[in-house]
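Subject: Structure handover

Hi,

Here is the structure for you to look over. Please open it alongside these notes.

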Amino acid sequence: RVRCRRKKIAAIKKWSTEKVDEIKIRVPKGQKAEIQAFAKAHGETVNAFVNRLIRDAMTAEKNGTPRTK
């Protein structure tokens, strides 16, 4: 079991290294819980929520829609 588990962890790490980049963000104390609750209330993970916001902002800018700061 331990050997199988180690292989699985190694495979996940390899896939992650090859397929995704990581970005760490910092938010004011207490805001993390608010973000988690908001994402959950809308049926998203925090990662999906943040990715959607970034994608939407970039798409809007490409389409000439002004962003708010």
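Predicted model: local features only at pLDDT ≥ 70, side-chain atom pairs only at ≥ 80, totals over all residues.

Salt bridges

Searching the whole structure turns up three salt bridges. Lys 14 and Glu 18 form one of them, with an N to O distance of 2.8 Å. Both residues belong to helix 1, which covers residues 2-19. They sit four residues apart there, about one turn of the helix.

Arg 52 takes part in a salt bridge with Glu 44, at 2.9 Å from N to O. Arg 52 also pairs with Asp 56, and here the N to O distance is 3.7 Å.

How far apart along helix 3 are Arg 52 and Asp 56? They are about one helical turn apart, because four residues separate them in that helix (residues 46-62).

How accessible are the two? Arg 52 has 26% relative accessibility, so it counts as partly exposed. The cut-offs behind that label are 20% and 50%: partly exposed lies between buried and exposed. Asp 56 has 40% relative accessibility, so it is partly exposed as well.

Largest pocket

The largest pocket holds about 550 Å³ of space. Its lining is made up of 15 residues. Closest to the pocket centre are Ile 23, Ile 25, Val 46, Asn 47 and Val 50.

Which helix gives the most to this lining? Helix 3 does, with five residues. Helix 2 (31-41) and helix 3 each supply at least two lining residues. By type, the lining has eight nonpolar, four polar and three charged residues.

Surface patch

Now to the surface. Ile 23, Ile 25 and Val 27 make up a nonpolar patch there. Together they have about 310 Å² of accessible area. Ile 23 is in the loop between helix 1 and helix 2.

Is Ile 23 buried or exposed? Its relative accessibility is 73%, so it counts as exposed. The cut-off for exposed is over 50%.

Best wishes

Notes:
Residues numbered from 1 in each chain as written. Heavy atoms only, no water. Salt bridge = Lys/Arg side-chain N within 4 Å of Asp/Glu carboxyl O. Buried < 20%, exposed > 50% of the residue type's maximum accessible area, 1.4 Å probe, protein only. 1 Å grid on protein atoms, 1.4 Å probe; cavity = no way out; pocket = protein on both sides within 12 Å on 5 of 7 lines; lining within 4 Å. Points joined across faces, edges and corners; volume = space filled by probe spheres on them. Nonpolar A, V, L, I, M, F, W, Y, C, P; charged D, E, K, R; others polar. Patch = residues over 30% accessible without salt bridge, like charges linked within 9 Å, V, L, I, M, F, W, Y side chains within 5 Å. Areas by Shrake-Rupley, 256 points an atom, 1.4 Å probe, with all protein chains shown as cover.
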